[in-house]
Amino acid sequence: MGPSLIGMSRAALGDALRAVGVPDRQVNMRTGQLWHWLYLRGATDFDQMTSVSKDLRQALAAAYAISRPEIVTEQVSEDGTRKWLLRFPSRGAGRPVEIETVYIPEEGRGTLCLSSQVGCTLSCSFCHTGTQKLVRNLTAEEIVGQILLARDRLGDYVERAPPPGDDVPSTGRLVSNIVMMGMGEPLYNFDNVKDALLIAADGDGIALSRRRITLSTSGVVPMIPRAGEEIGVMLAISLHAVRDELRDELVPLNKKYPIAELLAAVRAYPGLSNARRATFEYVMLKGVNDTAADARELVRLLAGIPAKINLIPFNPWPGNAYECSDWTQIERFAEIVNAAGYASPIRTPRGRDILAACGQLKSESERMKLRERMALEAMIAN
Ligand code: SAH
Ligand code: SF4
């Protein structure tokens, strides 16, 4: 099978069309048609592209693919959260790779949480993904593929699509928001993440407003300006601590880019306003970062930044020593930051029963290793 058209920019699609003999003067029009079928209608087969001539459909099918990621498992939580374990080819040496994608339905919106890498180079001490070393970056095709697959499975396409050029209905969509908060550090895979998010935001296709797309980073400071200028999506920062000494421990990348530098990059992020706030994620770890003094220091640090704070109850995983803060402690913390105007919803854990909550994503093969190790340790202990 030939290369996939999914994830290509319009320019690259144009080249792909030329390569199968489409004359220059038709390239723009044909690119628009393909874009419509791929991203608005969710075509999975060239034969579905009825506005494209049969000859061209055949030529395209002979040269290119538009297939979806392979689904290894699909799990549905008791709270409606869905998680897919997806398999991608190795793309080079080694074995095929696996990543997870999570869909979280909420009142009035549906958020898709995408992975950007297989594993992660950063080893934040409270994060399950961080225990899996980086295997490779995902390609733009694989990142966009997660969106298309979720929409396939949820039946989230415009069935009776308006003719090309018409406005895409923006209401009633099951996938209404995207967050780059799955496995991996998106700013360490900048080019592919950029290509994928620009496709997600393209008004003729998936057409999600940039305000409904959020990129979360553990703090890769030098790439933050580029994310603002070249992608222009909403920014989330995994802060988790208000002192460098503690943050060095929780998010080791802090040793390279300490809190002051990180906050300076956020202050300079283009387009921030009270209507477009940066998000600060803060995982609540019992006895580690959850005191009232921490909350007050957080308020002081963020002064002047249009921001909201997301308090994430720590999601435990086997083999990790942290505990989630007590509920009263989380509420006390929330009261302090709320009083300062940082509307801070406590993010209710979703999909914990299927290990789909923040920081719990992994390749299944890694989880099996973990289970085997735990079983072995239990045997030795007995
Ligand atoms: N690598 C990026 C994107 C992942 S986002 C980043 O770190 O920002 C996933 C979010 O969940 C991050 O804020 C991460 O710090 C947080 N997280 C990781 N492990 C967690 C856990 N066990 N419980 C709760 N949140 C966790
Ligand atoms: Fe990587 Fe983010 Fe997990 Fe840190 S929290 S290890 S950066 S995925």
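Which residues come nearest to ligand 1? Of the 21 residues around ligand 1, these are Gly 184, Ser 216, Ser 238, His 240 and Asn 315, where "around" takes in any residue with a heavy atom within 4 Å. This is a predicted model, in which local features need pLDDT of at least 70, side-chain atom pairs count only at pLDDT 80 or more, and totals for chains, interfaces and linings use all residues. Residues are numbered from 1 along each chain as its sequence is written, chains are lettered from A and ligands numbered from 1 in the order in which they are written, and side-chain values use heavy atoms, with hydrogens and water left out.

Let's look at the atoms themselves. The side chain of Ser 216 places an N or O atom 2.7 Å from an oxygen atom of ligand 1, and for the side chain of Ser 238 the distance to an oxygen atom of the ligand is 2.6 Å. A nitrogen atom of ligand 1 has a backbone N or O atom of Asn 315 at 2.9 Å. On its own, ligand 1 has 530 Å² of accessible area, and the protein covers 95% of it (Shrake-Rupley method, 1.4 Å probe).

Now turn to ligand 2. Its surroundings are Cys 120, Leu 122, Cys 124, Cys 127, Gly 130, Gly 184 and Ser 218.

Finally, follow the strands (DSSP runs of E, at least two residues, numbered from the N terminus). Strand 3 (residues 97–106) runs antiparallel to strand 4, joined by five bridges, and Glu 106 stands opposite Arg 109. The two strands form a hairpin with two residues between them, and Gly 108 in the turn has a positive phi of about 80 degrees.

Note on methods. Two strands pair if DSSP finds at least two bridges between them. Helices (H or I, at least four residues) and strands (E, at least two) are DSSP runs, numbered from the N terminus. A polar contact is a pair of N or O atoms within 3.5 Å; within protein, one must be able to donate a hydrogen and the other to accept it, and residues adjacent in sequence count only if both atoms are side-chain atoms.
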